[in-house]
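Please find below some notes for a colleague who will be working from the coordinates.

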Amino acid sequence: MTVPEIRWEENQTPHSARWRSESGAAPPKRVVVADDTLTADMAYRQACEGVGLLWRGDFQNARQLLQAMTRRVDKRPRKPVDTLLDAFNQHRQIQSQRARILGMLLIPFDAGHGIPLRRAPDARQACEEAHGPAAEPYVASLRELLGLIGAFEWRKKGVEIPALNARIHPHYGVFSPLRGEYIDLVARTPMPRGSVAFDVGTGTGVLAAVIARRGGKRVIATDMDPRALACARENLERLGLSK
């Protein structure tokens with residue numbers, strides 16, 4: 001399998017590094033080095049043109065720049081549509097373009113997931129939980145990194161589930177049960193004691209846990225994502241429901 005690479009020129013010398021993208025985005029075909037002197041208008045213009053901006057300045061300034069780019073993206077006018085289907089398709093297209101543009105602000109990483117920028121956070125554990133070990137330097141989008149850090153904090157903190165009187169801890173890339181309407185629905189639905197239940201697409205394992213707590217004889221929880229299976233196992237073990 002070919003490892004995707006990103007290429008750029010810096011100090012009149014060609015460089016390359018491994019490209020990481022959890023969303024599966026392709027590396028930008030053109031990359032330029034950017035720092036604290038780059039204006040938000042110029043960054044936005046280049047990102048719209050598909051130019052990757054490899055950041056060499058202060059990390060917190062990069063976050064502020066990303067926020068400024070986000071404001072510019074969200075101010076783009078929408079064309080009037082005639083049907084709900086047209087509105088849906090337009091929304092999907094806008095979201096795709098938004099992700100592509102904001103994903104053009106890039107951050108370098110050392111081997112071991114260290115970030116060699118001023119005032120950069122220590123995101124090594126968050127990155128390792130999502131990516132696994134990093135034996136070599138790589139480049140990824142700042143937007144994706146912030147998502148990794150946010151998911152890591154949710155995993156540590158957990159989500160309170162009233163139906164369980166406990167917390168569920170979502171892993172990166174696994175749907176978080178922040179909105180619990182469907183959980184309450186399962187918790188209230190009549191269910192014969194001693195029955196066998198299937199939780200298809202278990203994710204964090206939250207519904208399997210609710211059913212098990214309600215007296216289900218056996219719960220078969222399935223998922224196609226290895227991250228989800230690991231997450232569900234960990235949550236069910238924490239709740240004492242593994243058996």
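**Notes on the model**

1. Strand 3, helix 1 (residues 40–48) and strand 4 form a β-α-β unit that is right-handed, a crossover being right-handed if, with the strands pointing away from the viewer, the path from the first strand over the helix to the second runs clockwise. Helices (H or I, at least four residues) and strands (E, at least two) are DSSP runs, numbered from the N terminus.

2. The model is predicted, so local features need pLDDT of at least 70 and side-chain atom pairs count only at pLDDT 80 or more, whereas totals for chains, interfaces and linings use all residues. Residues are numbered from 1 along each chain as its sequence is written, and side-chain values use heavy atoms, with hydrogens and water left out.

3. Strand 4 (residues 51–55) is largely enclosed by the rest of the structure, because five of its five residues are buried, that is, under 20% relative accessible area, with exposed meaning over 50% and partly exposed in between (1.4 Å probe, protein chains only). Val 51, Leu 53 and Trp 55 are buried on one side, and Gly 52 and Leu 54 are buried on the other.

4. Strand 4 runs parallel to strand 3 (residues 30–34), to which five bridges join it, and Arg 30 stands opposite Val 51; two strands pair if DSSP finds at least two bridges between them. Strand 4 is also parallel to strand 5 (residues 105–109), with two bridges joining them, and here Leu 54 has Leu 106 as its bridge partner.

5. How many cavities of 30 Å³ or more does the structure hold? There is one, a cavity being a set of points on a 1 Å grid over the protein atoms alone where a 1.4 Å probe fits but cannot get out, with lining residues having an atom within 4 Å of a point. The largest cavity has about 50 Å³ of space, where grid points are joined across faces, edges and corners and a volume is the space filled by probe spheres set on the points. Its lining includes Ala 126, Glu 129, Phe 152, Arg 155 and His 171, and helix 5 gives the most to that lining, with four residues.

6. The disulfide count is zero, a disulfide being a pair of cysteine sulfur atoms within 2.5 Å. Cys 231 is buried, with a relative accessible area of 0%, and because its sulfur is 18 Å from the closest cysteine sulfur, in Cys 127, the two are too far for a bond. Cys 48 is partly exposed, at a relative accessible area of 27%.

Conventions: 1 Å grid on protein atoms, 1.4 Å probe; cavity = no way out; pocket = protein on both sides within 12 Å on 5 of 7 lines; lining within 4 Å.
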